[in-house]
Amino acid sequence: MASLVQRLYQPPKVTNQPIKFGILGAANIAPAVLIIPAKSHAEVIVYAVAARDQVKAEKFAKQHGIAKVYGGSSGYQQLLDDPEVDAIYNPLPNGLHFEWTMKALLAGKHVLCEKPMADTADEVRQMFDLAEKKGLVLLEAFHYRFHPAIQRARAILDSGELGKIKSIDLKFALAAGYMKDSDIRFNLALGGGAMMDLGCYSLNCIRYLSSSDPISVVSATPLSLKSANITETKIDRGMSATLALPNDVLASMEVDLSMPWEFFPPKLYKMWVEVKCEGGNMGVQNFVLPTFWHSIQVSNKVGGTTTKRVEKVYKFADAHIDDHSKALDLGEDWWLTYRYQLEAFVDKLMGRTPQTWVTREDSIANMQWIENIYEKAGIGSRPRSSYVLPAE
């Protein structure tokens with residue numbers, strides 16, 4: 001049997017004209033999100049990369065076998081102007097998502113944009129408006145949503161097995177030292193803040209599992225970076241928020257980019273969500289990167305008896321979801337969330353129906369409630385982009 005590394009990197013037989021991707025920025029996340037998944041997708045070629053630093057762009061291209069390199073102050077635009085490029089992956093800092101996604105759409109390129117898609121809901125709305133006007137595909141890269149594990153978790157809740165949801169509790173935190181104080185996630189001008197980073201996942205997961213949007217933000221408390229005055233910096237190292245959902249459901253979330261160390265036992269991160277229902281509970285460990293490991297823990301109360309089980313789902317054949325599409329044949333147990341996401345994105349570009357999708361309405365709502373949480377916390381939304389769409 002081929003090893004995991006062989007399966008990840010072995011190019012499949014090309015059966016259709018492949019989609020040529022260009023990457024805006026030599027980002028550290030790009031290999032996991034696009035370059036490695038593309039190697040096992042017959043219809044994808046990572047064709048070009050652009051970076052402000054020419055040397056960095058060339059080094060990145062050489063390391064990953066990318067044919068075309070653009071660098072310097074005009075590198076991003078040169079990549080967008082390349083007629084060979086069909087689609088753009090935008091992993092730039094949050095504050096640059098709006099400008100460069102809009103420019104990519106104006107250049108006639110489909111866009112896979114990192115999350116959060118922009119700094120404000122209004123910007124996200126404008127991005128989708130332009131994509132629809134141009135007849136182009138735009139997707140916010142909430143990769144975990146494409147994996148069968150989180151879909152199985154929602155299917156359990158939707159089945160009614162556990163009764164109505166009463167509350168949702170989610171924690172997503174990284175240990176202190178994982179990120180330097182100079183990290184872009186702590187830069188307000190670039191759309192920084194824990195709520196924009198770990199928080200956008202957390203809010204999205206709560207909305208997804210509950211199949212609802214919040215009604216209100218009950219409370220929101222930001223944590224400052226070390227001794228910084230958060231009313232001045234407006235940068236949240238962490239955020240605790242309580243949301244009111246329909247049907248008297250309360251959801252709480254805690255995110256932290258610099259969690260104090262816990263040594264007994266040592267914890268490098270926390271990444272779990274627990275849903276309490278009238279007839280039992282469900283917990284999901286590692287909902288963001290389930291390919292590496294995860295568990296769906298179900299506790300079902302029937303009469304005076306409580307039964308417990310643990311599920312692990314790596315491909316749709318094992319997901320037991322109510323889906324009559326190609327999903328039952330989709331995926332391998334070694335597919336990363338990013339590989340499932342790429343499958344859906346390419347399906348959309350090829351005119352096929354993807355197994356699942358993150359819609360325009362979903363992306364706008366997620367950004368709107370991020371803004372609402374920031375407002376409740378008293379530090380306001382991230383600064384909107386200065387980019388203005390050229391007049392026609």
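In the predicted model, Lys 171 has a relative accessibility of 18% and therefore counts as buried, since the limit for that class is under 20%. Lys 171 belongs to strand β7, which covers residues 165-175. Beyond residues up to four places away in sequence, Lys 171 touches Glu 254, Lys 270, Met 271 and Trp 272. One of these contacts, Glu 254, falls within strand β10 (residues 249-259).

Strand β10 is joined to β9 by eight bridges, and the two strands run antiparallel. Within this pairing, Met 239 has Val 255 of β10 as its bridge partner. The two strands form a hairpin with three residues between them, and in the turn Asn 247 adopts a positive phi of about 65°. Strand β9 is also joined to strand β8 (residues 216-224), again by eight bridges and in the antiparallel sense. Here Ala 220 is bridged to Ala 241 of β9. Of the 10 residues of β9 (residues 236-245), eight are buried, so the strand is largely enclosed by the rest of the structure.

The largest nonpolar core comprises 127 residues, and Met 282 and Phe 287 are those with the most contacts inside it. Helix α8 (residues 198-210) gives the most to this core, contributing eight residues. When neighbours within four places in sequence are left aside, the contacts of Met 282 include Ala 153, Ile 156, Leu 157 and Leu 162. Val 273, Glu 274 and Val 275 are also among the contacts of Met 282, as are Ile 296, Gln 297 and Val 298. Phe 287 in turn takes part in an aromatic cluster with Phe 142, Tyr 144, Phe 172 and Tyr 201.

Across the whole structure, a search finds 11 aromatic pairs. In one of them, the ring centres of Tyr 76 and Trp 100 are 5.2 Å apart and the planes meet at 80°, so the arrangement is edge-to-face. Because Tyr 76 lies in helix α4 (residues 75-81) and Trp 100 in helix α5 (residues 94-106), the pair ties together parts that are 24 residues apart in sequence. Tyr 76 counts as buried, at 6% relative accessibility, and Trp 100 likewise counts as buried, at 5%. An edge-to-face pair is also formed by Phe 98 and Tyr 387, with 6.1 Å from centre to centre and 65° between the planes. This pair links distant parts of the chain, 289 residues apart: Phe 98 is in helix α5, whereas Tyr 387 is in the segment after α11 (360-377). Phe 98 counts as buried at 3% relative accessibility, and Tyr 387 counts as buried at 14%.

Charged side chains are also placed over aromatic rings. Lys 103 lies over the face of Trp 100, at 4.2 Å from the ring centre.

For residues 19-139, UniProt lists "domain: Gfo/Idh/MocA-like oxidoreductase N-terminal" in an unreviewed entry. The span is 45% helix and 23% strand, and its end C-alpha atoms lie 16 Å apart. Strand β4 (residues 87-90) pairs with strand β1 (residues 19-24) in the parallel sense over three bridges. The bridge partner of Ile 23 in β4 is Tyr 89. Four bridges join β4 to strand β5 (residues 110-113), and these strands run parallel. In that pairing, Ala 87 stands opposite His 110 of β5. Ala 87 and Tyr 89 point one way from β4, while Ile 88 and Asn 90 point the other way, and all are buried.

Ile 45 is located in strand β2 (residues 44-51). With a relative accessibility of 36%, Ile 45 counts as partly exposed. Apart from residues up to four places away in sequence, Ile 45 touches Pro 18, Ile 19, Lys 20 and Phe 21. Ile 45 and Lys 301 are separated by 256 residues in sequence and by 50 Å in space, C-alpha to C-alpha.

How values were computed: Residues are numbered from 1 along each chain as its sequence is written. This is a predicted model: local features need pLDDT of at least 70, side-chain atom pairs count only at pLDDT 80 or more; totals for chains, interfaces and linings use all residues. Side-chain values use heavy atoms; hydrogens and water are left out. UniProt positions are given in the numbering used here, feature names are shortened, and annotations may be inferred rather than shown by experiment. Rings of Phe, Tyr and Trp (its six-membered ring) pair if their centres lie within 6.5 Å; planes under 30 degrees apart count as stacked, over 60 as edge-to-face and the rest as tilted. Buried means under 20% relative accessible area, exposed over 50%, partly exposed in between (1.4 Å probe, protein chains only). A charge sits over a ring if NZ of Lys or CZ of Arg is within 6 Å of the ring centre and within 35 degrees of the ring normal. Contact means heavy atoms within 4.5 Å. Two strands pair if DSSP finds at least two bridges between them. A nonpolar core is a set of buried Ala, Val, Leu, Ile, Met, Phe, Trp, Tyr and Cys residues joined through side-chain atoms within 4.5 Å.
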